[in-house]
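User: I'd like to learn how to read a model like this one. Could you walk me through it?

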Amino acid sequence: MKRVTENHTPALQIRQLSKTYGDHFEALKGIDLTVESGDFFALLGPNGAGKSTTIGIICSLVRKSSGSVSVFGHDIDADFANAKRHIGVVPQEFNFNQFERPIDILVNQAGYYGIGRRVALERTERYLKQLGLWERRWEPSRTLSGGMKRRLMIARALIHEPKLLILDEPTAGVDIELRRSMWDFLCDINQRGTTIILTTHYLEEAESLCRNVAIIDHGRIVQNTSVKALIKQLSVETFVLDTRDELVAAPEVDGYRIARTDSHGLEVEVASGQSINPLFAALGEQSIEVLSMRNKTNRLEELFISMVEKKLPETAA
Amino acid sequence: MNRKEIWIAFATIVTREVRRYLRMWPQTLIPPVITIVLYFLIFGNLIGGRIGEMAGLPYIQFVAPGLIMMSVITNSYSNVVSSFYGSKFQRNIEELLVSPTPNIVILLGYVVGGMTRGLGIGVIVTLLSLYFADFSIHNVPVTISIVLLTSMLFSIAGLLNAIFADSFDDISIVPTFILTPLTYLGGVFYSTQLLSDFWANVAMINPILYVVNTFRYGISGVTDINIGWAFAMVCLSIAVLFSITLRQLEQGSRLRS
């Protein structure tokens, strides 16, 4: 996982991309973005930030106002057929014919890429089996559960074996077990060389899966770096401690801000780079036994919220 | 895409369209057949027997070509408009829009899909009409070519309607308020010789008059209009609508944000 290949042509190169809806609403304000081949890349941002517009332009469902996009060196305007051949897209909302059967949806999609029926059927069987849909292949797709429909869209996006897979919130509304199995599947195809771009609201997902990340807000890229580098920017982390004995008040320890959350819980703020060994030593001296410790929120989420909140207009207060 | 890939994409769209209307056969195949049988019963047998002759033909033989052509027109049109708009509504048109399939192949795929239904219904109605009326084909090339061109013309028109449609109301407005009146006023049930000069001249701007009369000429040798002129009009209409529809697809307006 998290391997960037030696191929020097970027999987995706976006230059000065802008999009204005109607006369006034600027969804994208001249963004630049490069995703290297083999990367597992997260595109994060609050609702309405411009993530889906960016993805829509890359896969030609949205018309850009200006700028350029190339996929593995193929410009989406000048060389659209080759650019499209390299892209597989899993949109946020279900966009297949609910009356068609999974097997037909996949074979038809292969046909639109010029793939003959024999190969299409082989790949259909492979992907439906890998994604646990093979037994339901003859049933109208409207009868599938939400998670199955989402997996069907992943299988459809992979049927022409694209080098770049774009997933717009693929695990939204999916239960935890299924989400984990989808992560494993995505990691597997990334390891086999497919570049993946992911938008998600589950920041744990981005932190677990992705090597690099861009944060988009109000139509601009506000961060574009590696997940590790981004997390280093986190100035304070908040940990939640569960104690064995009941606490009547928060203990005082020099160098740490500690708050009591309930009778057996504490929240401790730890600055970036600060050791937590002295904290445990001090708690031990006060006869406070810690049973478990965890992050209050996902680290990336904490950072993301702080970044986006800084940019909120004053009227939000 | 190379030629083979383009052919596969085209065949995929056509096959999917055929499967769609076969899957929905109680909605797509049975109603038009019942409607035309009722027309034959009422206008052909019951009323037609009292009318006598029209343009030198027994009335049932006069209306039969018009009724066949009417079924070809409405089914070609309605197949494409409902299928394409349905794809827009469910957003599965995006499956095609994200693929490298050229726009002209998308256009031709939908049009040929619509033609298979229009022509299929036309064949069924022709076989049924033989039960009600005796007729032979006067000019085979004219009959076949005009029915193919008509089916193509109205399939393209259906696609254009679907591209512009923003709601299901929009795909029923054209058939209800334009196509049906033009069909009824297009010489299916009467000869323009019955009209005054003024209304006969007005009728000449109705494209359905040309296709119905040309088809009637192919079947029975009787026509109110010049056949060469009719073919020219139909071909010109196809060329114009084809160009507009392809341009819409190329620009992506009303399909892409």
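User: What percentage of the 257 residues of chain B count as buried?

Analyst: A residue is buried if 20 or more other C-beta atoms, placed from the backbone, lie within 10 Å of its own, exposed if 12 or fewer, and partly exposed in between. In chain B, 49% of the 257 residues count as buried. One caution: this is a predicted model, where local features need pLDDT of at least 70, side-chain atom pairs count only at pLDDT 80 or more, and totals for chains, interfaces and linings use all residues. Residues are numbered from 1 along each chain as its sequence is written, and chains are lettered from A in the order in which they are written.

User: What pLDDT does chain B average?

Analyst: Where pLDDT is low, the predicted coordinates should not be read in detail. The score is the predictor's confidence in each residue, from 0 to 100. Chain B averages 88, and 100% of its residues score at least 70. For the complex, the predictor gives an ipTM of 0.85 and a pTM of 0.82.

User: How many helices and strands does chain B have?

Analyst: Helices (H or I, at least four residues) and strands (E, at least two) are DSSP runs, numbered from the N terminus. Chain B has 12 helices and two strands.

User: Which helix of chain B gives the most to the side that touches chain A?

Analyst: Two residues are in contact if their C-beta atoms, placed from the backbone, lie within 7 Å. Here the contact takes 22 residues from chain B and 23 from chain A. H1(B) gives the most to chain B's side, with seven residues.
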